[in-house]
Amino acid sequence: MDYTKAGWSTKIRKALRYVRLYGPSRTLAKVRAQYHMNRHFTDLPQLKPASGVQQHVGVMGCGNFSFSAVAYYLKKNFGYVIRGTMDRNVERAASLAREYRAAYYTDDPRRIIDDPEIDMVFIASNHATHAEYAIEALKQGKSVHIEKPHVVTEDQLDRLCAAASESTGRVTLGFNRPLGKLGREIKKVLDAQQGPAVMNWFVAGHAIDPDHWYFHPDEGGRVLGNLCHWTDFIYQMVPPENRYPIKITPTRWEKSDCDIAVTYLFGDGTVAAITFSAKGHTFEGVRERFSAHRGDVLISLDDFKTLIIEVVEDKRTIKLPYRDHGHEEAIVRSYAAGLPDGESKGSAVSYLWETGQLFLKTREALEANRPLMVYPYGSDPALSRQVAG
């Protein structure tokens, strides 16, 4: 919903609610991002780049998320390090560049990719271009942060993994939920237990119009645009040695990518379920609740703000002042990985392939409305094409 077109009472209520959810500073960034999305210039602006800081980052795709998260957290933690901004809508590229004091803006992807002064690229463009931009940047030896989804086809996944294997640049992905304080705590307490787990996500997503670009045949739909966040989360919560094979079982009615449920049976007997509903407007944004049980631990998470952990008679509650989905941690980690002397080596190629294969096969299972099996990186490719009985 475009709140810039809403009445003042709705705008005020929305802003006040978001201050409680995200704090004043992030709420202001989100409000300004809404106006950024609709900004039009009579004449494109002249820029005043920041001085006294090395500007070496490129941003490809200058939508709401880049404005309110990527650029916001880069500036907060590292200053005005963005050198160039690119968007097919040059006014959005200009708006973000002016706000974050970049050196230039463009609607030509090659200008960012070929710029020798840029060694780190944050990619948050339309989904079908994520892998293509990343592959070209990796060929130039640049490090890349790819927002979800990092691919929309198996061909892209194969080519991205090949480019990552051959490049001196590093790759990180924008799956932020496991990186925040509560995501890390969930991982720690589950790993401390033994045996298979049971996990459940209930997600109420944004309602979007049928003509939204998410639904363009090339863009991957809502499974790749939204559900991949939670497929990645459950993948990361299962220890690597216990994951495979994974059986995906879809439950759907008319639609294949929303108002759905998907269950996953992991190799060690762990069962995970994701229910994704997108029926109407959610005033507080995406709502999500997670429950898990492994060994003696019982977990309940509400909107990445409140986490309850029970281990037999011990019970503790972690309540954050504001929601923390791990966006800041993801941006900071990626920036650090892109530094020449950064200790992080980025994401392993096996991880790029396996988390991508999981959401691609989830979409395939839902579209075919039948179970599928998924096998690990390096296994016989023919296995992953088999349909489960």
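**Helix packing, sheet and cores in a predicted model**

Helix α3 passes α10 in a right-handed crossing (right-handed if the near helix is turned clockwise from the far one by less than a right angle, left-handed if anticlockwise). The structure is a predicted model, in which local features need pLDDT of at least 70 and side-chain atom pairs count only at pLDDT 80 or more, while totals for chains, interfaces and linings use all residues. Residues are numbered from 1 along each chain as its sequence is written, and side-chain values use heavy atoms, with hydrogens and water left out.

The axes of α3 and α10 (residues 327-338) come within 9 Å and cross at roughly 60°. Axes here are lines fitted to C-alpha atoms, for helices over the stretch in contact, with angles from 0 to 180 degrees between N-to-C directions; helices (H or I, at least four residues) and strands (E, at least two) are DSSP runs numbered from the N terminus.

Gly-63 is buried, at a relative accessible area of 17% (buried means under 20%, exposed over 50%, partly exposed in between, with a 1.4 Å probe and protein chains only). Neighbours within four places in sequence aside, Gly-63 touches His-36, Met-37 and Asp-87. Its C-alpha is 8.7 Å from that of Leu-96, 33 residues away in sequence.

Turning to the sheet, nine strands form an open arrangement with mixed pairing, in the order β14-β13-β12-β11-β7-β10-β9-β8-β15; two strands pair if DSSP finds at least two bridges between them. The edges are β14 (314-319) and β15 (372-374), each pairing on one side only. From one strand to the next, the twist averages 15°. Helix α8 (residues 181-191) packs on the sheet, touching β11, β12 (297-302), β13 (306-311) and β14, and its direction makes about 165° with that of β12.

The largest nonpolar core holds 77 residues, of which Val-144, Ile-186, Trp-201, Tyr-264, Phe-290 and Ile-299 touch the most other members. Such a core is a set of buried Ala, Val, Leu, Ile, Met, Phe, Trp, Tyr and Cys residues joined through side-chain atoms within 4.5 Å. A second, separate core of 27 residues includes Leu-47, Ala-69, Tyr-100 and Met-120.

Definitions and conventions:
Contact means heavy atoms within 4.5 Å.
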